Amino acid sequence: MTNKKANIKRLGLYLLIAFALSLLLIVFRKPMETSARVSFIITQLFSFSPAIACLITRAVTKEGFGDLKLHFNFRGNFRWYLLAFALPLVCFSASMLLPVIISGYGSRLSGFTAKNMLSVIFILMGQSAVVSAGLLGEELGWRGYMNCTMEPLFGTFGTCLAGGIMWGLWHFPIDISNYLGGGGSLSYSMESAFSRLAMLTCFGVFLMWLTKKTDSVFPAVVAHFMFNQSQNALMSLFMESDIPEDADVGKLADVFGYVPMALVAVVFMYLLLRMKKTKTPSV
Amino acid sequence: MTGFVYKELKQNLRYILLTVVSGFIPLIVLIMFRDSGETASDFQKLLEIGLIGGLLLAGGMEMAVLNGDDRRLWAYFVSSTSDGYRGFLRVKYEMIFVMSLLFLTSFTLCEQLITAIAADKGMMVESTTSAIAVPLVFIQFLLRSVDIPLFYRFGAKKGNTIKLISVLAIIVVLFTVLLINIDNFEDVYNSVCKAFTEYTRSPLLPAGAVAALAAYYASYRISCRVYLKGAEKYDK
């Protein structure tokens, strides 16, 4: 079997398993509503499905478990861990704070005191060091396996795009399950699903760059954790502030919601392409 | 997989697996005495006791991975490899770090499952045990950052004696502080619980956690410094 065919087979099997497990959220929706135990098991299977898919695919295709990228590789790479920690926080700070400041509510951000900011940074640092480990369930599959298998087939740009879309699509069962359970209209669910897909496609570029740069999935785990958690942390600071409930930042918030992440995607796509060029041996 | 990581995994797989199991101690107890969980507070107590037992067991496993390293010939051998003794120690520190993460993850999963089992029995368990587990894991890091250099500097026997004396001293100090503040114990417990869940509280406790991580790294550097000195005193 040629390398290309082997890669297609691996990728197909991986995606089949990951998506089949994610669909359990829809298939078992009714039992999940009546039993907390079923809900727990299905939710965990969903969360760890990329890692499960990666391990099963590696076992079935006999490619081995040698390059799981489970080394920390701290040596010489610690600054990239710091970047993985800081960049999502900076991005979400920009996308959440800038519209508020531009709309003239800057003086009302009373929750953003030096003490609170320091507390947020220390808590997130502590959490990202120990609590983020659960996200290995996703990163082992998406960055540790799928991207590596996709890149020889679709190239770097194609992998960022297709990989990001796959990652976003894998989250769709959450929205569909919410919609079927009466959590909002179909248009609301679709809007949230597609806005997440756009964000994840952009953010996936940074995660791919981190994984390639450090040859480890752990910086991507930290960055992914920060992507999820920094939004909660900033929201809690907003709750402490005295911004009026009817404050309207309108279209500005929509624009700023995507701009910082799009910028991140452009910058790291450039770096990825440059990394590829420098690695290509000259003839 | 090659190098020290392969060696450590092969040699210590049972300890790593036992660390995962130690996170599930409350669940094992629940399965063994399945009819004993009558009220929500029973489940809460089970989780709290399970956390303490699990932490002690996990701590023991973390130290067990050092067994057999205090041999002079082994020390000379690792020093001669391409990664050197620094690489060897780095893998040890990383593995012990990962074992702590494994314990925390397995305990969190166990807590969620027990809460789900209680919910199916119609009981609402508002557990804070995972929240208290996070600061306790940082305390584990602090303890390891003292244990490991002592082990490598003085060998297993002498190192453990020094550790025992220092741990006893710490326990005496902690009990004294606890007895003085016995009236405020609940407040202290609650503030520790919320230290990693509420973002707008005092930054002191979270800063302590970050300091524990820094201490763990400093401990690695200290171990690197004392390793060869200690090797001269090891048995052959």
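Helix α6(B) would span 76 Å if its 52 residues formed a straight helix at 1.5 Å a residue, yet only 24 Å separate its end C-alpha atoms. A bend of about 125 degrees in α6(B) is found at Gly155(B). These values come from a predicted model, with an ipTM of 0.87 and a pTM of 0.90.

The next point to look at is how this helix packs. Two packed helices are described by the angle between their axes and the distance between the axes. For α6 (residues 129–180) and α8 (residues 204–231) of chain B, the angle is about 10 degrees and the axes lie 8 Å apart. Because angles under 35 degrees count as roughly parallel, α6(B) is roughly parallel to α8(B). The contact of these two helices is made of 18 nonpolar, 5 polar and 3 charged residues.

The contact between the chains draws 27 residues from chain B and 29 residues from chain A. On the side of chain B that touches chain A, at least two residues come from each of α5 (84–120), α6 and α8. The biggest share of that side is from α5(B), which gives 11 residues. Sorted by class, the side of chain B that touches chain A holds 20 nonpolar, 4 polar and 3 charged residues.

Chain B has a mean pLDDT of 86, with 97% of its residues at 70 or more. Where pLDDT is low, the predicted coordinates should not be read in detail.

Conventions. Residues are numbered from 1 along each chain as its sequence is written. Chains are lettered from A and ligands numbered from 1 in the order in which they are written. This is a predicted model: local features need pLDDT of at least 70, side-chain atom pairs count only at pLDDT 80 or more; totals for chains, interfaces and linings use all residues. Axes are lines fitted to C-alpha atoms, for helices over the stretch in contact, and angles run from 0 to 180 degrees between N-to-C directions. Helices (H or I, at least four residues) and strands (E, at least two) are DSSP runs, numbered from the N terminus. Angles under 35 degrees count as roughly parallel, over 145 as roughly antiparallel, 65 to 115 as roughly perpendicular and the rest as oblique. Ala, Val, Leu, Ile, Met, Phe, Trp, Tyr, Cys and Pro count as nonpolar, Asp, Glu, Lys and Arg as charged, and the others, Gly among them, as polar. Two residues are in contact if their C-beta atoms, placed from the backbone, lie within 7 Å. The expected span of a helix is 1.5 Å times one less than its number of residues. The bend at a residue is the angle between axes fitted to the seven residues ending there and the seven starting there. pLDDT is the predictor's confidence in each residue, from 0 to 100.
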